[in-house]
Every structure is written in C-alpha cells, then in structure tokens.
Amino acid sequence: MNVTRGFAGRPRVHHTGLPPGQYDAGDDWPVLSAEVTPALAATDWTFRIDGLVAEPRTWDWEQAHALPASAYEGDIHCVTSWSKFGVRFGGVSLDAFLERVRPHGGATHVVAYSHTGYTTNLPLTDLTGGRAWIAWEYEGKPLPAEHGGPARLIVPHLYFWKSAKWIAGLRLLDHDEPGFWEQNGYHARGNPWEEQRYSGD
C-alpha cells in the first residue's frame, strides 16, 4: 500500500488550515450531488481512458483492483464551503492507469465523466504526479454510494466537484472543454486556496 504526501507513519492532525471562506465540517460529510444516486454495483462498474492516448483501455472492477494499491490521507474541500480534515481514501493512483494508456504529448486537458452522465474538466497536470486517485474505500470501508461508490475520482487539491462521483472514464484532449458545473458558472479549475468558486474568480 502506497500512502502519498508524506503521511505514512505520522499522527493525523486535526487540520492543516482552512482555505478562504471554508468551515470545518467535523465528523459530517454533506451529501451533495447534481444527479440522483445510481444503483451501480461493483460488478457492473467500469473505468475507461481514451482520447489522446496511445492505447485506449477499459478496466473492470477486478482489473482495476489488480493495479498497485495507493491511498490519500489529508484534507478535502467543497465549493459549498465545508472542509474535512485528515480523511483517508483507498484505491489506485491515477498515474497507474495513465501509465498503461500512454498519453500523447499534445494532451493538455481531461474531461472526467460519470456513469450518470456528469462531466467535469481538469488540466491533465492536476491529475498526474501523485495528485489524483480512483478511490473505492473511505476510512477503510467501501465507499458509500451517496459519496460516489463504488468508485469515484479524488482530486483533493481542488474543490470537490472536480472529484467526479461514480467515475466511468477520462477523455484526454488538446484543449479545455467545460463540464456540467463549469457550463453553469463554476470556475474552470477550482483551486480552494485561491477561492476559485465561480467563473471570473
């Protein structure tokens, strides 16, 4: 198990600081979704990466779990102003998936899409270098459906609408292509520390 960002062997801290405009949600984890929670079984879940890659590929549940396990331990921040500190998600680093499809040099952006049809856009650099995960565990237990289970994207350094629930795939592009919330006035990137909540922030 690879635990990233230097958290291995360290005691958990309550928090490392609140980004501007955020509050500590404590033990609460608000459920916020643009869509109805799907009834998606792990046996029916798949994850695909295509677009500007050398080898487009689809993984099923067992194939994804066969990749090297990884975990994120740290903080998450929602654009609706709550933050949670010292959480742990288990799954696989997105780097492990990307290594197997080999992105083209011209790939600069990604559209992440869910099994529900939800989409969000991200710069490819925000998903590489140990900065993003496909997660199916939360605090050592299966990720609850209302929070994106059986598996979701985790991009913890950005507002959490970028961490698409019920993740189905990534499409690599040579340009930025706004997703659901970005088309409805949210910021293209969503950096909590710069309070990039809405277009123009």
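Two strands are said to pair if DSSP finds at least two bridges between them. With that in hand, here are some notes on this predicted model.

1. **Ground rules.** This is a predicted model, in which local features need pLDDT of at least 70 and side-chain atom pairs count only at pLDDT 80 or more, while totals for chains, interfaces and linings use all residues. Residues are numbered from 1 along each chain as its sequence is written, and side-chain values use heavy atoms, with hydrogens and water left out.

2. **Confidence.** The chain has a mean pLDDT (the predictor's confidence in each residue, from 0 to 100) of 91, and 92% of its residues reach 70 or more. Please treat residues 1–14 separately: their pLDDT is below 50, although this stretch has 29 contacts (heavy atoms within 4.5 Å) beyond near neighbours in sequence.

3. **The annotated region.** An unreviewed UniProt entry carries the annotation "domain: Oxidoreductase molybdopterin-binding" for residues 37–181. UniProt positions are given in the numbering used here, feature names are shortened, and annotations may be inferred rather than shown by experiment. Over residues 37–181 the model is 10% helix and 41% strand, and the end C-alpha atoms lie 17 Å apart. Helices (H or I, at least four residues) and strands (E, at least two) are DSSP runs, numbered from the N terminus.

4. **The S5–S6 hairpin.** Strand S5 (residues 70–77) and strand S6 (residues 82–93) run antiparallel and are joined by seven bridges. Gly74 stands opposite Val87 in S6. Four residues sit between the strands of this hairpin, where Ser81 takes a positive phi near 95°. S5 is mostly covered, with eight of its eight residues buried (under 20% relative accessible area; exposed is over 50%, partly exposed in between; 1.4 Å probe, protein chains only).

5. **The five-stranded sheet.** An open sheet with mixed pairing has its five strands in the order S4-S3-S12-S7-S8. Its edge strands, S4 (57–60) and S8, each pair on one side only. From one strand to the next the twist averages 15°. Within this sheet, S3 (residues 46–51) and S12 (residues 167–173) run parallel and share four bridges. Arg48 stands opposite Gly169 in S12.

6. **Helix H2.** Which residues of H2 are buried? They are Leu94, Asp95, Ala96, Phe97, Leu98 and Val101. Because six of the eight residues of H2 (residues 94–101) are buried, the helix is largely enclosed by the rest of the structure. Arg102 follows H2 and has a positive phi, near 55°.

7. **Ile134.** This residue is in strand S9. Ile134 counts as buried because its relative accessible area is 0%. Leaving aside neighbours within four places in sequence, its contacts include Trp45, Phe47, Leu94, Phe97 and Ile167. Ile134 and Leu94 are 40 residues apart in sequence, yet 6.2 Å apart in space, C-alpha to C-alpha.

8. **Asp126.** Here is a loop residue worth a look: Asp126 lies between strand S8 (119–123) and strand S9 (133–138). Asp126 counts as buried because its relative accessibility is 1%. Its side chain makes a polar contact with the side chain of His157 (2.8 Å), and another with the side chain of Arg189 (2.8 Å). A polar contact is a pair of N or O atoms within 3.5 Å; within protein, one must be able to donate a hydrogen and the other to accept it, and residues adjacent in sequence count only if both atoms are side-chain atoms. Beyond four places in sequence, Asp126 is also in contact with residues including Arg131, Val155 and Leu158.

Terms used: Axes fitted to C-alpha atoms, helices over the stretch in contact; angles between N-to-C directions.
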